[in-house]
Amino acid sequence: MSTVQETKVEKPEMKRKFYHLIINGEKLESSNGTTFKTYNPATGEVIAEVAKASKEDTEKAIQAARQAFDYGKWKKYPVNKRSRTINKIAAIMRARFNELVELEILDTGKSLHAAQGQVMQAIEDFEFYASAIVGHRGAVNSVPGQFQNYTEKEPVGVCAQIIPWNYPLMMAAWKIAPALAVGCSVIVKPASLTPLTAIILGEICLEAGVPEGVVNVIPGSGSEVGNYLVEHKQVDKVAFTGSTPIGKNIMERASQTLKRVTLELGGKSPNIVFEDADLDAAVDGSLFGIFYNTGQSCEARSRLYVHENIYDEFVRKFVEKTKKLTLGDPFDKGTHIGAVIDQNQLDVIDGYVKSAVQDGADILTGGKVAQVKGFENGFWYEPTVIANVNHQMKVVNEEIFGPVVVIMKFTDEKEAIKLANDTEFGLGSALWTKDGARATRVANQIQAGIVMVNCPFSAFPGTPFGGYKQSGFGRELCIETLDLYTETKSIISYYGSRPLNPFGL
């Protein structure tokens, strides 16, 4: 009996000097040879060069995805085969967990504990959708007489997925996993500031057995690559996470071809602390709610409302703990706050803080660009708490996207709800109380897609994530997301013994 010796395949290192486009299963340089540099926000140093997709490359990726969808085998696979492949993606990611964490930290400047949590959730997203798709099906509906009606769920087609810079791997997983699960083909455009882990994820999909052309990754500019994807007739759906102004622009452009659109946009999330709250738990949870990921989260709880009877004590404890937060080496387990993504965002944050001072607000702690020993060329901002504010100030009304929180008093439940809802956004919210009836009552009145009760965490695989109002529409991370990537086809049949003759002729 002969034996076959398994050949060991050497996997390329994730950390490289150059990263390619992924189109139709190939690693390619840009058609015009253009590249861009990606930087480590903690140090300001260049990490690598990345191929910059052109319109020609984008068209090539669209055609690859179109061919893979229209004539390929991925959407024809039995559900259990797609499920096994998606689980294999998760398994490869899990086996290379530390490499993914390291690359994510280098590319984003975020802290070790933040990167670890986000890479793990990305893995769990694929595992969730590998299971969820098995139970995703159509329905049989009641119809008169000898008719039968049933529905089928069919993949929507080619999907453009535009990823933000603040959670590059996790947001890529949120979008790629459900699209693959239902049988779509995707073209992923990662943010130019943080493209590396999305490119690696595309390679992992190929390694796991996803057919060529089903997952394409093309880093490039939003104005060129992004707009081309959104406007192209052969792209069936766009999923975007990012700012509200860009989301509106995408929606307008996509309307010309009546694309399906999912938008997860900006936020200015309220955090309400009632008089009966567990004060220490509320302080700790509120600290995490704003300063996690350096405040660069769309659902960061950046408006803090505290009942007047506990306001002074809460603020004292909150400011004390804010001062204890550590900025520093993102790879150090003791670091709480990582770097800001780049100089432009650092200037934006500082501009908002300065505007608050000009408007008469008080800086209780922080309020300026930070200097971190050993990381002097990085981009850092002190965790900042601002009081004596009102709803006429832009620091209260506009999304800052940094480690800055404003804090205000309220007198009763009615006022707290009014203040919480006094915003054009509606993504996240939080409330702290020991009164279960109040928690239910207030949660039902807050105009937001997510309400966290006595809890600082906004999302787990399986929990819907999305917003009201100017925070967008559509829900990601849940079973319902699968419907965003499918069409529902209704099939009506007649099984009567006599032929139908509706006109009686």
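Tutor: Buried means under 20% relative accessible area, exposed means over 50%, and partly exposed lies in between, with a 1.4 Å probe and protein chains only. The model is predicted, so local features need pLDDT of at least 70 and side-chain atom pairs pLDDT 80 or more, while totals for chains, interfaces and linings use all residues. Residues are numbered from 1 along each chain as its sequence is written, and side-chain values use heavy atoms, without hydrogens and water.

Student: Is Ile-62 buried or exposed, and what is its relative accessible area?

Tutor: Ile-62 lies in helix α1; helices (H or I, at least four residues) and strands (E, at least two) are DSSP runs, numbered from the N terminus. Leaving aside neighbours within four places in sequence, Ile-62 is in contact (heavy atoms within 4.5 Å) with Ile-187, Tyr-228, Leu-229, His-232, Gln-234 and Val-235. Ile-62 is buried, and its relative accessible area is 0%.

Student: Which elements cover the buried residues of α1?

Tutor: The buried residues of α1 are Asp-57, Thr-58, Ala-61, Ile-62, Ala-64, Ala-65, Arg-66, Ala-68 and Phe-69. An α-helix has 3.6 residues a turn, so residues three or four places apart point the same way. The cover over the buried residues of α1 includes β2 (21-23), β7 (147-155), β8 (158-162), β9 (185-189), β10 (215-217) and α7 (222-231).

Student: What distance separates the end C-alpha atoms of α1?

Tutor: The expected span of a helix is 1.5 Å times one less than its number of residues. Helix α1 (residues 55-71) has 17 residues, so it should span 24 Å, and the distance between its end C-alpha atoms agrees at 24 Å.

Student: Which glycine takes a positive phi just after α11?

Tutor: Helix α11 (residues 343-358) has 16 residues and reaches 22 Å from first to last C-alpha, close to the 22 Å expected. Its buried residues are covered by elements including β15 (362-365), β16 (384-387), α12 (394-397) and β17 (404-410). Just after α11, a positive phi of about 100 degrees is taken by Gly-360.

Student: What is the relative accessible area of Leu-477?

Tutor: Leu-477 is in the loop between β22 (472-473) and α15 (481-484). Its phi is positive, about 75 degrees, although it is not a glycine. Leu-477 is buried, with a relative accessible area of 1%.

Student: And what is the relative accessible area of Asn-24?

Tutor: Asn-24 is also not a glycine, and its phi is positive, about 55 degrees. Its place is in the loop between β2 and β3 (26-28). Asn-24 is partly exposed, with a relative accessible area of 32%.

Student: Where does Thr-262 lie?

Tutor: Thr-262 is buried, with a relative accessible area of 5%. Beyond its neighbours within four places in sequence, its contacts include Lys-237, Phe-240, Phe-473 and Leu-484. Thr-262 lies in strand β12 (residues 260-264).

Student: What is the radius of gyration of the protein chain?

Tutor: The secondary structure of the chain comes to 15 helices and 23 strands. The globule rule, 2.2 Å times the number of residues to the power 0.38, is compared with a radius of gyration taken over C-alpha atoms. The rule gives 23 Å for 505 residues, and the protein chain is close to that, so it is as compact as a globular protein of that length, with a radius of gyration of 25 Å.
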